[in-house]
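Please read the following points with the structure open beside you.

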Amino acid sequence: MKAEIQKIVDEIHTECGEEPIRLMEVCGTHTMAIHRYGLRSMLPSNLQLVSGPGCPVCVTPIHFIDAVLQLATRDDTVICTFGDLIRVPGSSASLESEKMNGHQVRVVYSPVDALRMAIRDKHLHYIFIGVGFETTAPAVAAVIEMARENKVTNFSVACAHKTMPEALKRLAADRQIQIQGLICPGHVSAIIGIQAYEWLAKHHNIACVVSGFDPGDILVSVLMLCRQIKRNECVAGIQYDRVVKAIGNTKALALMHRVFEPCDSEWRGLGMIPASGLAIKSGFRRFDALYRFPVKVKKSPTPSGCICGDILKGIKTPLQCGLFAKECRPDSPIGACMVSSEGTCAAFFKYQVVKSCA
Amino acid sequence: MKNNTKIRKSHGSGGQQSHDLLENVFIPHFRNSYLSDLEDSAVLEGWNGNIAFTTDSYVVDPLQFPGGDIGKLAVSGTINDLAVRGAKPLYLTAGFILEEGLEISVLDNIVRSMAETSKQSGVKIVAGDTKVVSRGSADKLFINTAGIGSVPENLKLGAKYIEPGDEIIINGNIGDHGLAVLLAREDFGLITDIESDVNPLSSLIRKVLDADVKLHAMRDPTRGGLASTLNEIAQLRSVDMYIDEDHIPISDTVESVCQLLGLDPFSIANEGKALFFVAPDDCGRLLQILGSQPLGVHAARIGTVRAGNGQVVLNTRIGGNRLIDMPLGELLPRIC
């Protein structure tokens, strides 16, 4: 395997020339793989990999977390969430701290688990926290349909799902960012296909390749991007073709569209982006936790000194942040990018790049 | 009648019921003259050299897991802490905190397991204590063990003897214990063959010491796994450790489950593993000795100590480099 990898790395060195090249990945799993396998240490020095807003937990705004925390403090509710959300700080608490205070918070591995718990225990209302991109949204849509079919009345979803295309357009239009290529998210693309990337390639001259998650996948994708950039022929390519089809997964998209509709959505660090979120349609309103249990939350300011917005855009790296690894650490995160294990700052913290290895 | 099968507060009172528990559960399993004398402390004989002394508490949940139970863990853990210092483990004490309502048969099984494990290593459990707390004040059963062993006076073994150039060897696969316990506790819907590696290492280590290899230090990578132990020593000695991911022994199942659950196998606890820091010219011989033992069949050289400033660098399996950092926070609670 090492020899094959070295061959790809050598080709990248040949293809990427001497001009600076900036490639952005927008998937937390890619961010982690790049760090875990030490890919940066193998690439030419003029080729820079920057991390974009690829971690759904990181881009979830504080006021949504605050809303969830209010739902958690009710006596009649049980909050069900994926594990990566549990330590995320709201403006004054986290689900973990509410759990320690005796409120009911359960970590689940699938939204179906939350529905099953609701069916087993009719006395309490089970709220699943729907945070994620197009990868998780279809599964949540399926569970909402299942809940309706089974006439479950004690289950709902607090929905903060986001969709990738409009956010990518926003990044592409931002003159500060200046990326030449995009390592496109494998799982998200399996659902949405490559239409959005074709648009980016055509209108913004950004090279796009949908990548798998093995280190070899990522390096081949980097090579494909370098070739596109060298020839100045930007298109939407698929390296991860064993999973991703150009048209995406039409069944999953149809399911998503039955239950959700596009809405304007706030991205932590990027601000409000029109039509970049998913809201539960009115026909399914009784499964919308924030409709059933309205909460009032104040908008919280960005913590002072935090440069997560610039990090999410790939303008700065965590090492340029004054809080990084000092006040802001994975066990006491301040900024969005440190809270999830797939956030850029958490990845930098865990797998710091080794500058010189003998 | 039914109540006689459960632990009651009176079992910790020091009165008749306490005595019954001692006579019916502890003494039959741990049987030795030190215990059956029922004195307030054991007077231990026959010392050569220095004394190694250690203690550890065990709160693992669940009490039984694939590959072992809290009893085997409580004995092995303390024996291993003595053995990696080069000590011959000799005597243990055992303190029990029992939750009211615990089935006595559960306690009996665990005490039997402790007796078997200590016998296997030629170690005697010579003193003990039992306390019972109200239901809800403890989770079923906690154990504290303390152990002492004898160390030859001239033995030079410990982190301070580690030098740049030393090779780093481990006696087998990493990550088995932490994952076995986690999978036994949480309902992930995964069925695997992962078993805890919990085992006393004293016999294996004795073979190594008897062969007189140029061994500089040993450590058991328990909580915090390989990542924690390597970082601890690297920082303590201000040396770098260069680790080859390719050479780290790990089962395919552990690797897949870690990927699936997003866990880092380098940070997961082991309970039957030791890291050996050995002079390079004796590395081959040490691997041969370990490989000939049942608890060392997967032994491998995983890296090298180099002059540096306390970093642990991983050469990844594809040829990249990154740091292995000290694990943060409690990754997997109550695994030992």
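1. B:Asp246 pairs with A:Lys2 in a salt bridge, with 3.5 Å between the closest N and O atoms; the term stands for a side-chain nitrogen of Lys or Arg within 4 Å of a carboxyl oxygen of Asp or Glu. Between chain B and chain A the count is two salt bridges. In this predicted model, local features need pLDDT of at least 70 and side-chain atom pairs count only at pLDDT 80 or more, while totals for chains, interfaces and linings use all residues. Residues are numbered from 1 along each chain as its sequence is written, chains are lettered from A and ligands numbered from 1 in the order in which they are written, and side-chain values use heavy atoms, with hydrogens and water left out.

2. The contact (heavy atoms within 4.5 Å) draws 21 residues from chain B and 23 residues from chain A. About 1,900 Å² is buried between the two chains, with carbon and sulfur atoms giving 58% of it; this buried area is the accessible area (1.4 Å probe) that two parts lose on being put together, summed over both.

3. Which residue classes make up the side of chain B that touches chain A? That side has seven nonpolar, six polar and eight charged residues, where Ala, Val, Leu, Ile, Met, Phe, Trp, Tyr, Cys and Pro count as nonpolar, Asp, Glu, Lys and Arg as charged, and the others, Gly among them, as polar.

4. Over all chains, a search of the whole structure finds 27 salt bridges. One of them joins the side chains of A:Lys313 and A:Asp174 at 3.8 Å, N to O. Because A:Lys313 lies in the loop between helix 14 (308-312) and helix 15 (336-339) of chain A, and A:Asp174 in the loop between helix 8 (164-173) and strand 7 (181-184) of chain A, the pair ties together parts that are 139 residues apart in sequence. Helices (H or I, at least four residues) and strands (E, at least two) are DSSP runs, numbered from the N terminus.

5. Is A:Lys313 buried or exposed? With 18% relative accessibility, A:Lys313 counts as buried, the classes being buried under 20% relative accessible area, exposed over 50% and partly exposed in between (1.4 Å probe, protein chains only).

6. In chain B, B:Lys140 and B:Asp139 form a salt bridge whose closest N and O atoms are 3.0 Å apart. B:Lys140 is partly exposed at 31% relative accessibility, and B:Asp139 is partly exposed at 24%.
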